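Subject: Structure handover

Hi,

Here is the structure I promised to pass on.

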Amino acid sequence: MVRVSVGGRLHFGFQNLSLAHERLYGSLGVALESPRAVVTAEPADRVDCDHPTAREYAARAVDLLDAPGASVTVEETLPRHVGLGSGTQLALAVLAAVATATGTEPRVRERAPRLGRGGRSGVGVAAFESGGFVLDTGHPTERFTADRPPRGEWSVPAVAARRPVPDDWRFVLALPDAEPGRNGDDEDDSMRSVVERADPAVADRIAALVSRRVLPAIAEGDRAAFGAAVAEVGRLNGAWYADEQGGVYRPPVGEVVARLDESPAIAGAGQSSWGPAVYGVTARDRSGPAREAAREALAAAGVDGEVLVAEPRNRGARIGDR
């Protein structure tokens, strides 16, 4: 029996959503130790899995690998559609578990598109492979345009930069009890609308921000500068999404971000992907005050929710015998 364990990821935003530029998307994010997806698999003569989403991925994996079947069990799952990468991490965990159990190399980057993953953003795949902070290259605009190609007819964006995240950094997560973030066809429709009218001047500002602030900050281990920079990337992305999500941040995320950003324990706060997950960049020795600030932010927004403090993950998914 093979066991695969992988944490979630934060998605800080895209570098470009405008068709006026040569490359589209180009995302940046960070791999987390928790919460986690944990999957086990062993060879079988058919696909056997009680988890409906994992069963679908297992069936695709078996077909890709030309295997007779697999028995797959999901021991832990990431919260679904909150902005922590649940779909990609579960899909790749199932693929890696089934492949390893049946004596095949997983080759997750090559096979992710056939599972419908790694289309616009390459952060989830890169986080599964190696962890750390990731910046991907995006896609040539003439290849992707406003519509994602049919499943499997794309390559996962290459990694443009990867850096380990300092061990003493932490990310406080506030997960409001709110409607799930955009996914599936709804996400495709929203992204199409955003891309068709995105202001290229915003992409120019983000490009400068990434090259002059984000990358130097992670290279130098400057937590305050990094937190402020990725939070600004998120705000600029929100200018593109405002019509689709009801503001720079989707309600009630804006109030949570604003309150969290006021805490001296937080170096920068923002919305991960479509939300509603809110992150705050903090440090190991400030985890207590950061956790309390996140609870207070949820209360100020008038919503219940869960608060977690996650460590960065600077390695790929754990794959091994149970």
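A quick word on terms before the sheet: helices (H or I, at least four residues) and strands (E, at least two) are DSSP runs, numbered from the N terminus. Contact means heavy atoms within 4.5 Å, and axes are lines fitted to C-alpha atoms, for helices over the stretch in contact, with angles running from 0 to 180 degrees between N-to-C directions. This is a predicted model, so to speak of a local feature I need pLDDT of at least 70, and side-chain atom pairs count only at pLDDT 80 or more, while totals for chains, interfaces and linings use all residues. Residues are numbered from 1 along each chain as its sequence is written, and side-chain values use heavy atoms, with hydrogens and water left out.

The sheet

There is an open sheet of four strands, in the order S9-S10-S8-S11, with antiparallel pairing (two strands pair if DSSP finds at least two bridges between them). Strand S9 (268-271) and strand S11 (305-310) are the edge strands, each pairing on one side only. From one strand to the next, the twist averages 20 degrees. Helix H9 (residues 253-261) packs on this sheet, where it touches S8, S9 and strand S10 (278-283), and its direction makes about 170 degrees with that of S9. Helix H10 (residues 287-300) lies across S8, S10 and S11, and runs at about 160 degrees to S11. Strand S8 (residues 169-176) and S11 run antiparallel and are joined by six bridges; leucine 175 stands opposite glutamate 306 in S11.

Aromatic pairs

Rings of Phe, Tyr and Trp (its six-membered ring) pair if their centres lie within 6.5 Å; planes under 30 degrees apart count as stacked, over 60 as edge-to-face and the rest as tilted. By this rule there are six aromatic pairs. Phenylalanine 12 and tyrosine 279 have ring centres 5.1 Å apart and planes at 65 degrees, so this pair is edge-to-face. The pair links distant parts of the chain, with phenylalanine 12 in strand S1 and tyrosine 279 in strand S10, 267 residues apart.

Two cis peptide bonds to look at: one joins serine 34 and proline 35, with omega about -5 degrees, and proline 35 is found in strand S2. Another joins proline 251 and proline 252, with omega about 0 degrees; proline 252 is found in the loop between helix H8 (223-245) and H9. Aspartate 66, in the loop between helix H1 (52-65) and strand S4 (70-76), has phi near 55 degrees, a positive value in a residue other than glycine.

Arginine 60 is found in helix H1. Not counting residues up to four places away in sequence, arginine 60 touches Arg114, Leu115, Gly116 and Arg151.

Cheers
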